[in-house]
Amino acid sequence: MLTHTALLTGRLLRALRRMPTFLVIGLVQPVIWLLLFGQLFRSVADLPGFTHGDGGFLQFLTPGVVMMTALFASAWSGTTYLQDIDRGVMDRMLTSPASRGAMVIATMTYQAIQTLIQSLIIVAIALAAGVRFPGSVAGVGVTLLAAVLLALTFSALSDAVALLTRQQATLIAISQFTTLPLMFLSSAVMDLGLAPGWVGVVADYNPMEWAVVAAREAMGAHTDWITVWVHLGLLAAAALVMGLLSTRAFHTYRKQA
């Protein structure tokens with residue numbers, strides 16, 4: 001399985017190398033959030049009730065932008081399966097000796113690598129813009145780990161939707177229906193101390209919020225590592241559950257093929 005996973009992941013990475021446009025386009029919106037909205041709303045950090053204002057709004061915003069990028073990119077992960085289905089590649093894969101588990105893991109690994117690259121670029125842009133993270137290298141490492149776990153969770157979900165529906169329109173609809181509410185029902189762009197109480201209640205069950213909290217806490221000056229590891233554990237559990245769901249969806253597709 002390891003050999004098949006490496007080969008199938010390499011196939012996806014070669015496609016990314018030939019067409020890096022998608023990687024670059026995926027960074028346009030995060031850069032706008034950081035450099036434009038980070039400046040437009042910097043005075044928000046001075047409002048009463050904003051509890052993360054010590055490092056400025058841009059420092060607060062950076063972990064949220066990293067997770068937004070991971071969420072939006074991974075929500076489109078199922079497109080790879082749909083392209084393979086339309087081109088007949090999936091059917092050829094199913095008749096080959098390729099490990100079925102490796103086919104699922106390869107797409108998740110590819111998405112994790114893409115998320116790592118984009119997250120590092122976003123953090124570098126934030127540093128260039130003058131943001132300083134008291135959590136230093138450890139904080140950045142936790143942020144990358146949280147982003148990868150979030151990407152694994154939603155790439156597996158996207159893959160499952162693609163395999164079960166086989167429709168691009170359905171995948172787009174479900175992605176739009178889930179990503180924006182998950183983003184705004186978290187502290188990605190706004191301190192929940194300034195939001196209605198019910199938003200905080202919903203955020204407690206939101207994987208996006210788990211990732212943001214883990215990253216922001218690790219990047220802060222006084223890190224509560226228990227909080228960090230609890231939220232990383234929740235993300236890991238969510239990624240495992242969604243990975244199993246994606247595998248079951250793959251078995252269902254094989255039966256229907």
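Leu36 is located in helix 2, residues 21-40; helices (H or I, at least four residues) are DSSP runs, numbered from the N terminus. The model is a predicted one, in which local features need pLDDT of at least 70, side-chain atom pairs count only at pLDDT 80 or more, and totals for chains, interfaces and linings use all residues. Residues are numbered from 1 along each chain as its sequence is written, and side-chain values use heavy atoms, with hydrogens and water left out.

With a relative accessibility of 44%, Leu36 is classed as partly exposed, since buried means under 20% relative accessible area, exposed over 50%, and partly exposed in between (1.4 Å probe, protein chains only). Leu36 also belongs to a nonpolar surface patch of about 450 Å², together with Val28, Ile32, Leu40 and Phe41. Patches are made of residues with over 30% relative accessible area and no salt bridge; like charges are joined within 9 Å, and nonpolar side chains (Val, Leu, Ile, Met, Phe, Trp, Tyr) within 5 Å. Accessible areas come from the Shrake-Rupley method with a 1.4 Å probe, and for residues only the protein chains shown count as cover.

Two packed helices are described by the angle between their axes and the distance between the axes. Axes are lines fitted to C-alpha atoms, for helices over the stretch in contact, and angles run from 0 to 180 degrees between N-to-C directions. Helix 2 packs with helix 6 (residues 100-128) at an angle of about 35°, the axes being 10 Å apart. On the helix 2 side, the contact (heavy atoms within 4.5 Å) involves Leu23, Gly26, Leu27, Pro30, Val31, Leu34 and Leu35. Helix 6 contributes Gln114, Ile117, Gln118, Ile121, Ile122, Ile125 and Ala126.

For helix 10 (residues 207-219) and helix 11 (residues 225-256), the packing angle is about 145° and the axes are 9 Å apart. Helix 10 takes part through residues including Pro207, Trp210 and Glu217, and helix 11 through residues including Trp225, His231 and Ala238.

Two residues of helix 3 (residues 57-74) were examined, one of them Ala73. Ala73 is buried at 19% relative accessibility. Apart from neighbours within four places in sequence, Ala73 is in contact with Gln111, Gln114 and Gln118. Between Ala73 and Ala249 there are 176 residues of sequence separation and a C-alpha to C-alpha distance of 21 Å. Gln59 is also in helix 3, and at 19% relative accessibility Gln59 counts as buried. When residues up to four places away in sequence are not counted, Gln59 touches Val131, Arg132, Phe133 and Pro134.

The whole structure contains 1 salt bridge, defined as a side-chain nitrogen of Lys or Arg within 4 Å of a carboxyl oxygen of Asp or Glu. This salt bridge joins the side chains of Asp84 and Arg11, at 2.8 Å from N to O. Asp84 in helix 4 (residues 79-87) and Arg11 in helix 1 (residues 2-18) are 73 residues apart, so the pair links distant parts of the chain. Asp84 is buried, with a relative accessible area of 8%, whereas Arg11 is partly exposed at 29% relative accessibility.

Most residues other than glycine have a negative phi. Ser136, which is not a glycine, has a positive phi of about 55°. Ser136 is placed in helix 7 (residues 136-165) and is partly exposed at 42% relative accessibility. Arg166 likewise has a positive phi, near 60°. Arg166 lies in the loop between helix 7 and helix 8 (168-184) and, at 30% relative accessibility, counts as partly exposed.
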